[in-house]
Amino acid sequence: MTKHDPNLDADMLSLLEAQRSHFLTAGTPSLDERIDRINRLIDLIADNQDALADAVSADFGNRSKAETLIADIGGTLTELKHAKSHLAQWMKPTKAKVDFPLNMFGGKARIEYQPLGVIGIVSPWNFPIYLAIGPMGEAFAAGNSVMLKPSEFTPATSALMKQLVEEKFSATEVVVVTGGVETGVNFTKLPFDHMLFTGATSIGKHILHAAADNLVPVTLELGGKSPAIVTDNADMDVATSRITAGKLFNAGQVCLAPDYALVPRAKVGEFVDQVKTKMAKAYPTLQGNPDYTHIVSDRQHDRLKALLQQARDSGAEVIEVNPANESFDGANEKVMPPTILVDPSPELDVMTDEIFGPILPVIPYDTVEQAITFVNARPRPLALYVFSKDVGEQEKVLSNTTSGGACINDTIMHSTQQSLPFGGVGPSGMGAYHGHHGFKLFSHEKAVYKQINLDGPFKPLRAPFGEKFKKAVAPMLKK
């Protein structure tokens, strides 16, 4: 038995050891067993979608039910059904090429996909169902068991998920661990076979430290300031529509939200006017509007207000989009009006920290090269969005910047494609999942080589080495 940190939570460690023991004694789950687990997850989400949406809304104060249905419910079901429909093909060994001269002697090679064992998932509050159950389904597809630590900032949703999971699954298949910061810290110290963390970059650093003692492989899905570059060749109506939609979905509390927009200096006025108009049309009222999601907590609300106050104090142009002229002084609702900042100083917190709210800084630029330089002077983002009708210009931006993912003439939508890997790069994350990429992430790719029984051809490669050895290796030694 592996020696463990005596400071680890004994109950959580016992749950993990029970899962690992079951995994080792029961053997690799069959295709039918994996499909059964995914089907139970599908039933869990589909049969309880109203209760789950209500729980998420309660945690936020108000979370647009339409946003929950399309992202948390629909997004999760899409991911689960995709894995289910492709799983038989994913599980098949992959043939591999055998190099000369062993290919001449009947050697064969293949890659087999084995479950890793117990997967730890730490999920965030902004999409508390999708970012918990989605990767759980991919871990099941790969044949693993799962321990999930959902966010303490969405307690109603976390409690309901725990209840529903325990009704559908045994503790040897999946365990949901709820609790606060101390519980979360202890969870990340467990000796998982792989851990997936979705959350802030600052917390990701602690996750890596916690995992290091047990050499736990870690996938980090972090954030970063994802830029939207609008060029002179962009369709301004399309650009402003899609940037506005991406910024205000979930009130901007999305790791992939366009964090700021880079706009040609001569078109900043047009861009701002169109964004204001589209924000007002989407949300003609804010307080009491069921379509407009609240900020998740007082702490996050206060943080966003502080960003705006710092911008005002610096002299930046702050444009609050409040079509009904509502007053937010003393309001109990955690409502943050959509806000545009025109040409804020790069030194402001709003330009150095991930915003995670409905605030859109607009940065003027003079040349596309200048916009690219601006992006490259900052940490690599989770996503980059370029708006242009010119193919050469699109490729220029994409080939000269580095980001986890990218969209051309859209925002966020690359993450909805199950055929594409979803992940960051550098400070915005490491590793990627979704679809087949998730199956492989949670699998061990075992290299298997099979040789013929006839031993004669291989004797010259063993001591004592003579002329036949020299002849055999001569082709290998050439340039």
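I began with ring pairs: searching the whole structure gave 11 aromatic pairs. Rings of Phe, Tyr and Trp (its six-membered ring) pair if their centres lie within 6.5 Å; planes under 30 degrees apart count as stacked, over 60 as edge-to-face and the rest as tilted.

I looked up Tyr113 and Phe439. They make a tilted aromatic pair, 5.8 Å centre to centre with 55° between the planes. The pair links distant parts of the chain: Tyr113 belongs to strand β2 (residues 108-115) and Phe439 to helix α15 (residues 435-441), 326 residues apart. Helices (H or I, at least four residues) and strands (E, at least two) are DSSP runs, numbered from the N terminus.

I note the basis here. This is a predicted model, where local features need pLDDT of at least 70 and side-chain atom pairs count only at pLDDT 80 or more, while totals for chains, interfaces and linings use all residues. Residues are numbered from 1 along each chain as its sequence is written, and side-chain values use heavy atoms, with hydrogens and water left out.

Are Tyr113 and Phe439 buried or exposed? Tyr113 is buried at 13% relative accessible area. Phe439 is buried too, at 0%. Buried means under 20% relative accessible area, exposed over 50%, partly exposed in between (1.4 Å probe, protein chains only).

Next I took Trp125 and Phe356. Their aromatic pair is edge-to-face, with 5.5 Å centre to centre and 85° between the planes. It also links distant parts of the chain, 231 residues apart. Trp125 sits in the loop between β3 (118-122) and α5 (130-141), Phe356 in the loop between α12 (349-352) and β12 (359-365). Trp125 counts as buried at 12% relative accessibility. Phe356 is buried at 16%.

I followed the rings onward. Ring pairs join Phe60, Trp125 and Phe356 in a cluster. Arg63 lies over the face of Phe60, 5.2 Å from the ring centre. Elsewhere I found Arg378 over the face of Phe374, 3.6 Å from the ring centre. A charge sits over a ring if NZ of Lys or CZ of Arg is within 6 Å of the ring centre and within 35 degrees of the ring normal.

Which residues does His294 contact, leaving aside its neighbours within four places in sequence? They are Phe60, Gly61, Asn62, Gln253, Glu333, Lys334 and Val335. Contact means heavy atoms within 4.5 Å.

I then checked two helices. The axes of α9 (residues 236-248) and α10 (residues 268-282) come within 9 Å and cross at roughly 55°. Axes are lines fitted to C-alpha atoms, for helices over the stretch in contact, and angles run from 0 to 180 degrees between N-to-C directions. The residues of α9 that meet α10 include Met236, Thr240 and Leu248. On the α10 side, Phe271, Val275 and Met279 are among them.

I looked at helix α7 (residues 181-188) as well. Its buried residues are Gly184, Asn186, Phe187 and Thr188. Their cover includes α1 (10-26), β3, β4 (145-149), β6 (194-198) and α8 (201-212).

Last, I took the overall view. The chain has 16 helices and 18 strands. Buried residues make up 51% of its 479 residues. Its C-alpha atoms fill a box of roughly 90 × 55 × 40 Å, taken along the principal axes.
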